[in-house]
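Hi,

Here is the structure I promised to pass on. Have a look, and then read on for my notes.

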Amino acid sequence: MPRLQTWAHGEAFGTRRVPHSATLTPMRPRHAYVHVPFCRHRCGYCDFTLVAGRDDLIGRYLEAIGTELTRLEEPLDLDTLYLGGGTPSHLGPVGLERLFAVLAPSLRPVAGAEITIEANPLDVSAEFVAAVRACGVTRVSLGSQSLTAATLAALDRDHGPDDISQAVELLHEAGLSVSLDLMTAAPGQSLADVEADLASAIALAPEHLSVYCLTWEPGTAFAAARRRGDLAAVPEDLERVMFETAIDRLEAAGYEHYEVSNFARPGQRSRHNLAYWDCRPWEAFGPGAARFDGRIRTTNHRSTTTWIARVLAGEDATGDIDRMTAEEAARERLVVGLRRRAGVERAAFHAASGLDLDRLAGKQITRWVAAGLADDDGQTVRLTREGLLVSDSLWGEVL
């Protein structure tokens, strides 16, 4: 089942484990991610790079972001800019204006660029909306997770259903595009709860939705509670029905199911996420942020305090460097491509990777088609719905 991926929070990927791929000709990035690690508190399921209750670090963080930006030889003209976290909205209107002022000399969105910021519904006020509009933001991704009070409590969230509704109303009144995150398979969640979430979400008419099944990430409070027997996972058969229900209800409401976990109104797909899924180069700044130059992924140190200290001391703040062979990169390109409902087109895959799709994974594709997990018309390979529902189990055959 599509999980709450560590490299795909319905939206931002810059701090997550993003598959990357080789390109034949290096390109200058036209996409950038900025990681804002501050949160009010850490939710029990969260293993993202963040600090809670450390607002005293915000000033030094902003200074470090400005310092890290100096590694760019010249300013970048951007088609998309994404601020993720953490919770960027936790900086507040003044803090966000300070952050955008730091970014402005080096990261320059072009006319018509998509500029997204993640937000906690509790942070969305008239002052917040005015600030993000003044900063050029076009799209707000709300970490809603659910619109049912019991599920929100089970997920350790600090907002309620009314906070989400009020946030969406304020954002829409200001002409901003809205994306909502919804989670299924939460502790104690029933199919009726999921159906209620979907009905409430559709009524709010967001332009985009991301729907994920909860993953019990090692090291999280939820994983520890599960080991103790204090929390239990939803049965797999119910988890499947929950996600199929989400697909059916959202498609019936006019949303395009364009990637395993993502749905959008026509013309409202996440352009930033599409850049990741196309394996285009991107830049990334902040603790735990991963940048990709077409062949190599470089990830900053995940500790916020260590990253700040190293950057401000003029030291290397790199955490990991991941280099791949052309074949390894092509295999990851295939996985990312098959997560998209459009699938992988053979000629485009060869042009991007330099490798032949059938020589790389022909046996696996033939097996998937025979099992009803994929369709292949000779030009394009796509996963069927059945394939999408079990896609996580297929990737090992390719990677």
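Below is what turned up on strands and helices.

First, the ground rules: this is a predicted model, where local features need pLDDT of at least 70 and side-chain atom pairs count only at pLDDT 80 or more, while totals for chains, interfaces and linings use all residues. Residues are numbered from 1 along each chain as its sequence is written, and side-chain values use heavy atoms, with hydrogens and water left out.

Helices (H or I, at least four residues) and strands (E, at least two) are DSSP runs, numbered from the N terminus.

Start with H1 (residues 58–69) and H10 (residues 304–312): their axes (lines fitted to C-alpha atoms, for helices over the stretch in contact) lie 9 Å apart at an angle of about 50°. Angles run from 0 to 180 degrees between N-to-C directions. H1 is therefore oblique to H10 (under 35 degrees is roughly parallel, over 145 roughly antiparallel, 65 to 115 roughly perpendicular, the rest oblique). The contact (heavy atoms within 4.5 Å) includes Tyr61 and Ile65 of H1, and Trp307 and Leu312 of H10.

Now the strands, which pair if DSSP finds at least two bridges between them. S12, S13 and S14 form, in that order, an open antiparallel sheet, with S12 (290–292) and S14 (318–323) at the edges. Neighbouring strands there are turned by 15° against each other on average, direction ignored. S12 and S13 (residues 296–300) share 3 bridges, and Arg291 has Thr298 as its bridge partner.

Lastly, S9 (residues 256–259) and S10 (residues 262–264) make a hairpin with 2 residues between them, and Glu256 sits opposite Ala264.

Cheers
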